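Have the viewer open and follow along.

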Amino acid sequence: MAYKNQQEFIKALEAAGELVRIRTFVDPRLEIAEITDRISKSGRGGKALLFENTGTDFPVIMNAYGSERRMCMALGVGHLDDTTREIEALFKLLSGPKDGILEKLKLLPKLGQFASWMPLVRTGRGACQEVVMPTPDITKLPVITCWPRDGGPFVTLPIIHTRDLHTGTRNVGMYRMQVFGPALTGMHWHKHKVSARHFAEYKKTGQRMPVAVALGGDPVYAYSATAPLPENVDEYMLAGFLRKKRVELVKCLTQPAIEVPADADFIIEGYVDPADELIWEGPFGDHTGYYSLPDWYPRFHITAITHRKDPVYPATIVGIPPQEDAWLGKATERIFLAPIKMTLIPEIVDMEMPVEGVFHNLVIAQIRKEYAGQAQKVMNAMWGAGQMMFNKILVVTDEGADIRDYTALARYVFTHWNPAMDVYFSQGPMDVLDHSCSKLGFGGKMCIDGTARTAEEEDNRYEWPQPAIDPNTLRNRYPEIRSINTNLLDNGIPVLLVAVKKDRLNHIRDLHESISAEAEGIKMVLYVEHTVDAADLSVALWRFCNNLDPKRDHILTSRATGGKMTACLGLDGTIKTAALDNFQRDWPNIIVAADETIKAVDDKWADLGLGPFLSSPSLKFKDQLYGTEAVVTL
């Protein structure tokens, strides 16, 4: 289903009971983000929020994609798997045998549909150009500041358009933009991104690179900008397929080489000049739940700002999960399952990205297993596939358990899993936002083969007794242990989660060697820092996944017991420092709201029309901070 514009989507959300209008003044600096954080964590993603009084001429919509239902509404489907099935059917139709004339004729209607999805450049102006700012000034827009240590206000849902200098191929991506002045922002594109490669070509010639940013329009545009498409596939072709209607584009007024959606709410036109010095951008409270720290990025010079007569400024916040971006990630997980299955990994049955893994840190792949070593084959294929190259922990399992029932899945995986034989470590490109890597954007990966063993994969030297451990004894013996979670043992999962206060080099290694010698039947121990409550499994796993470099931070122990071997894998998910770990990069703090912002929102809550009072989610994490800045101080 195609929405005529963002306003039509807002009306649909309101009619479905999925949107709340907030008429009380709310400050775009920190307050909008704090209210949205409370609502997005209130259960099932809460509601979309339309802030109508922002102190500017424009309202702000937040959390529009923040639940399964709203994500489905944005894509015009009843269920996210509907698109998966449609893509799979399309692949089968196109790849099937077409020997006879009837088989070929069956393709004609589908080819006609393809043509109707292709973007079309219109002549004249679009609704997005109904109003032209006499002097472009982005500070007149309600650009939000999300977190107290952010470097400033950031545009968080920008749909950024660039073109390849040589081929003219369009790329549409999404990269945050820090506002530095009325006509200047940063352009935070990472070196792995297509727009960064476009800019590299412009740098070789010394030419200014035209760029345009769209905000709003059909909600499918923002999703398509985040989608992990092959480099030469136009994101607006995906948008046309999803909305079942072509995207109409118009030429920018001051950057006519770039076309933008005619129905967008705002267009910000400009250029990036390779002759410019880079600008120090950040920090920014990122989707990992940690601050991404400052670095040098290109300057974006604004040459024009246009908008509709009735625009709404779309924004999002990211931070400690769950947040709205989890549902954008879930849509990608479902939509791109079919292409992965049909073109790359035919044995894949399903895929899951738990929210605690913040997309790239933890991926579960379910396969139809037919031969020995198949999990490793899938591992290699996935780590070489587009943005999956950023994955840190990959768990491969078979059809023996439901991958969305995490307890049943873990029990199944650890029944088969041998930590001495069935874990694989590698090294490669990582997300630039991954703070655990010793080198920026380059670090360790781990694959756990949780499939049932074939005869060739069996190793009868190993056998584990039933787990037998007394957490009180361990705490008394090792005072650095602040808490132990043994709940997984009660569910038949031989895994411990231990919170530790480190105070010396190789502390976790030494501790693991001691614990694994005493903990009968334990196959894995996850170590988190002492500020984390090990009993809070979801939070502990989120912290663990972020802080781990698997290749660097694993400790495997093995020993003989009664004629059989046992093994236990320890994984160090604690903070890393120069003093205790020889870690030479700055380590970021987690993201929490400022006390004064929490109080300001508390005081105005009764006037917001959001129902019963919700306390700030940040309060739970205050005692997990190291100092008050974006960078950890110890």
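In this predicted model, β29 and strand β30 (residues 564-573) run antiparallel and pair over eight bridges. Strands here are DSSP E runs of at least two residues and helices are H or I runs of at least four, numbered from the N terminus; two strands count as paired if DSSP finds at least two bridges between them. Within that pairing, Ser-558 sits opposite Ala-567 of β30.

Zooming out, the pair belongs to an open sheet of five strands, in the order β26-β27-β28-β30-β29 and with mixed pairing. Its edges are β26 (481-485) and β29 (554-561), each pairing on one side only. Neighbouring strands are turned by 20° against each other on average, ignoring direction. For angles, axes are lines fitted to C-alpha atoms (for helices, over the stretch in contact), and values run from 0 to 180 degrees between N-to-C directions.

Now the helices. α15 (residues 507-518) lies across β26, β27 (495-500), β28 (524-529), β29 and β30, at about 25° to β29. Helix α16 (residues 537-547) also packs on the sheet, touching β26, β27, β28 and β30, and its direction makes about 85° with that of β28. Contact means heavy atoms within 4.5 Å.

How many of the 11 residues in α16 are buried? Eight are, so the helix is mostly covered, where buried means under 20% relative accessible area, exposed over 50% and partly exposed in between (1.4 Å probe, protein chains only). Among them are Trp-542, Phe-544 and Cys-545, along with Arg-543. The cover over these buried residues includes β22 (362-367), β23 (393-397), β27, β28 and β30.

Elsewhere, Gln-374 belongs to helix α11 (residues 374-383) and counts as buried because its relative accessibility is 1%. Its side chain makes a polar contact of 3.2 Å with that of Glu-347. That term covers N or O atom pairs within 3.5 Å; within protein, one atom must be able to donate a hydrogen and the other to accept it, and sequence-adjacent residues count only if both atoms are side-chain atoms. Leaving aside neighbours within four places in sequence, Gln-374 is also in contact with Ile-367, Arg-368 and Lys-369.

As for greasy packing, the largest nonpolar core has 52 residues, and Leu-75 and Tyr-223 touch the most other members. Such a core is a set of buried Ala, Val, Leu, Ile, Met, Phe, Trp, Tyr and Cys residues joined through side-chain atoms within 4.5 Å. Apart from that one lies another core, of 51 residues, including Met-133 and Phe-300.

A search of the whole structure for disulfides (cysteine sulfur pairs within 2.5 Å) turns up zero.

Most residues other than glycine have a negative phi, and most peptide bonds are trans. Here are some exceptions:

| Site | Backbone value | Loop |
|---|---|---|
| Gly-282 to Pro-283 | cis, omega about 0° | Pro-283: between β15 (279-281) and β16 (284-285) |
| Pro-321 to Pro-322 | cis, omega near 5° | Pro-322: between β20 (313-314) and α9 (325-335) |
| Asn-63 | phi about 65° | between β3 (60-62) and α3 (68-75) |

Residues are numbered from 1 along each chain as its sequence is written, and side-chain values use heavy atoms, leaving out hydrogens and water. Local features need pLDDT of at least 70 and side-chain atom pairs count only at pLDDT 80 or more, while totals for chains, interfaces and linings use all residues.
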